Amino acid sequence: MSVQTLTRQWASASDGMALEDPRLFRQLAYVNGCWVHGEAGREEAVFDPATGERLGQVPWLESTQIDTAIAAADEAQREWRKLRADQRGELLDAWYDLIRAHKQDLAMLMTREQGKSLDDARGEVEYGASFVHWFAEEGSRAFGETIPSHIPNAALGTVREPIGVAALITPWNFPLAMITRKAAAALAAGCTVLVKPAGETPFSALALAELAERAGIPAGVFSVITGEAAEVSKQLCDDPRVAGLSFTGSTRVGRLLLSQCADSVKRVSLELGGNAPFIVGPDMDPEEAARAAVDAKFQTSGQDCLAANRILVHDSLYEDFLSHFVRLMKQLKVGNGLVSGIDMGPLIHRDAVAKAQTIVDDAVEQGARLIHGDQSMAPGPNFFMPVLLADVTPNMRAWREETFSPVAGVTAWHDEEEVIAMANDTEYGLAAYVYTHDIRRVWQLMRGLRFGMVSVNSVKMTGAPIPFGGVKQSGLGREGGRQGLEEYLDIKYYCLGGMESASGS
Ligand SMILES: NC(=O)c1ccc[n+]([C@@H]2O[C@H](COP(=O)([O-])OP(=O)(O)OC[C@H]3O[C@@H](n4cnc5c(N)ncnc54)[C@H](O)[C@@H]3O)[C@@H](O)[C@H]2O)c1
Ligand SMILES: N[C@@H](CC=O)C(=O)O
């Protein structure tokens with residue numbers, strides 16, 4: 001099916017997105033249980049990156065409206081924190097059931113606003129839902145501890161308490177899962193949340209709000225604020241009623257928000273950019289390694305914080321690896337994510353395409369070999385065909401920056417000390433991949449790599465039970481796993497004096 005046919009097929013999208021349940025397509029913000037317009041009439045249009053079609057718009061809330069949202073979250077938190085963890089868990093599980101029941105519609109909204117293939121979007125809905133289910137149960141494990149007392153006749157211990165209102169600011173590349181990974185943990189812990197989705201992809205967030213309302217999550221507990229990004233974020237960071245900020249996005253914006261949270265000394269959790277090395281050892285079958293590297297590079301068209309950004313291949317199999325890689329990448333189907341069989345959708349917008357091209361040009365000018373990548377084949381202005389660059393070096397942007405595009409850069413290495421130094425030669429430290437079956441080398445690389453996550457012989461590494469997060473300038477804190485709950489809990493120490501039966505022991 002051509003892009004033109006698809007554009008016609010979806011011409012009525014703004015009349016309701018052609019969803020089974022049209023009420024999931026919301027074009028208003030959701031504050032304190034109400035769907036609201038912006039008081040000053042400011043709006044932001046949302047476009048389908050595959051076709052350029054305008055899908056709809058969302059309001060920009062004004063400062064007074066954001067203030068109302070914060071006040072409502074603060075008020076709602078007083079009751080929400082009093083619920084037992086299993087009561088909050090029941091509401092989260094009702095939300096989980098609804099998210100899964102509406103998987104197809106949520107995937108359709110996501111493909112239309114983000115561009116990823118429908119299969120990938122369905123996968124993200126399942127992935128996003130899994131956090132809700134996982135934290136629905138994990139909330140019951142917010143354990144405190146008893147402390148053997150050093151004070152005579154005192155009983156000492158800790159209890160865990162929700163931090164309060166949490167602001168959640170999320171990116172466009174995973175418009176649903178990046179919200180649920182934060183919100184489910186926060187809500188399970190007893191916090192209320194204010195979600196600020198990316199302007200490019202607000203509809204997934206608003207559909208989640210509609211389902212949260214249907215699940216019975218009380219007004220003020222889960223709100224979605226749409227608005228001008230810098231304004232909304234600054235107000236959330238400045239306001240002392242907001243106890244915590246959890247941000248996923250670029251390192252550039254993460255640094256800014258961290259500084260904005262300083263005055264009110266918030267709990268800050270940052271999931272920032274990555275520049276993942278993908279290391280292939282000399283014992284690997286080059287075809288098996290190339291297959292894994294293609295998977296790790298091109299998912300979500302390379303717009304993934306976990307995307308393999310620097311592929312480091314042992315020199316003994318370098319050329320073989322490149323020929324398998326190029327053969328496999330040529331098989332990737334690029335097009336509108338609504339068409340079945342598509343592997344790679346568009347990039348999010350024209351600027352991302354321009355950035356990808358400048359990264360390729362910079363590498364070629366500095367001596368990289370352009371082995372494959374013909375942009376004249378791109379099916380539309382927001383598409384970027386996969387590119388393979390060989391002999392990438394540390395001075396090139398393809399090495400230093402998170403390309404966030406389907407540009408694969410490959411470099412040869414010879415010994416392990418060298419490849420560890422090469423892999424660590426970045427300000428980022430989110431995830432790294434290691435492909436080798438030599439157990440000694442696995443251990444040496446796993447321990448030597450300065451990354452928050454190391455995946456050995458597996459492209460898939462994420463999921464609800466794992467502590468997702470980075471070191472260095474890839475972030476602070478962890479999401480998912482029992483550690484994900486900690487981000488939304490304070491430790492309260494208690495000392496009960498005059499308890500004679502407790503003794504000092
Ligand atoms: N570590 C992770 O878990 C993870 C996951 C997904 C994406 N990411 C990272 O996110 C980045 C891509 O996402 P993006 O382009 O949406 O990031 P971004 O930093 O541009 O935007 C993220 C969020 O911040 C808001 N924002 C943008 N500019 C702002 C400003 N000046 N002030 C306040 N808020 C602002 C955006 O509206 C959006 O909601 C990549 O670097 C990627 O690696 C990281
Ligand atoms: N793929 C990541 C999101 C990063 O962009 C994840 O699994 O959470």
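Let's start at ligand 2. One of its oxygen atoms sits 2.8 Å from an N or O atom in the side chain of Arg181. That is a polar contact, meaning a pair of N or O atoms within 3.5 Å. This is a predicted model: local features need pLDDT of at least 70, side-chain atom pairs count only at pLDDT 80 or more, and totals for chains, interfaces and linings use all residues. Residues are numbered from 1 along each chain as written, chains are lettered from A and ligands numbered from 1 in written order, and side-chain values use heavy atoms, without hydrogens and water.

Back to ligand 2. An oxygen atom of ligand 2 is also 2.8 Å from an N or O atom in the Tyr127 side chain.

Who else is around ligand 2? The residues include Asn173, Phe174, Met178, Asp304 and Phe468. Being around a ligand means having a heavy atom within 4 Å of it. By class, the shell has six nonpolar, two polar and two charged residues. Here Ala, Val, Leu, Ile, Met, Phe, Trp, Tyr, Cys and Pro count as nonpolar, Asp, Glu, Lys and Arg as charged, and the others, Gly among them, as polar.

Now ligand 1. It has 29 residues around it, and Thr170, Trp172, Lys196, Ser250 and Glu402 come nearest. A polar side-chain atom of Lys196 lies 2.6 Å from a ligand 1 oxygen. For the Trp172 side chain, the distance from an N or O atom to an oxygen of ligand 1 is 2.8 Å. Ser233 faces a nitrogen atom of ligand 1 instead, with a side-chain N or O atom 3.1 Å away.

Last, a sheet. It is open, has three strands in the order β5-β6-β20, and pairs antiparallel. Strands are DSSP runs of E, at least two residues, numbered from the N terminus; two of them pair if DSSP finds at least two bridges between them. The edges are β5 (145–147) and β20 (489–496). Three bridges join β5 to β6, residues 155–162. In one of them, Thr146 partners Gly157 of β6.

Note on methods: Helices (H or I, at least four residues) and strands (E, at least two) are DSSP runs, numbered from the N terminus. A polar contact is a pair of N or O atoms within 3.5 Å; within protein, one must be able to donate a hydrogen and the other to accept it, and residues adjacent in sequence count only if both atoms are side-chain atoms.
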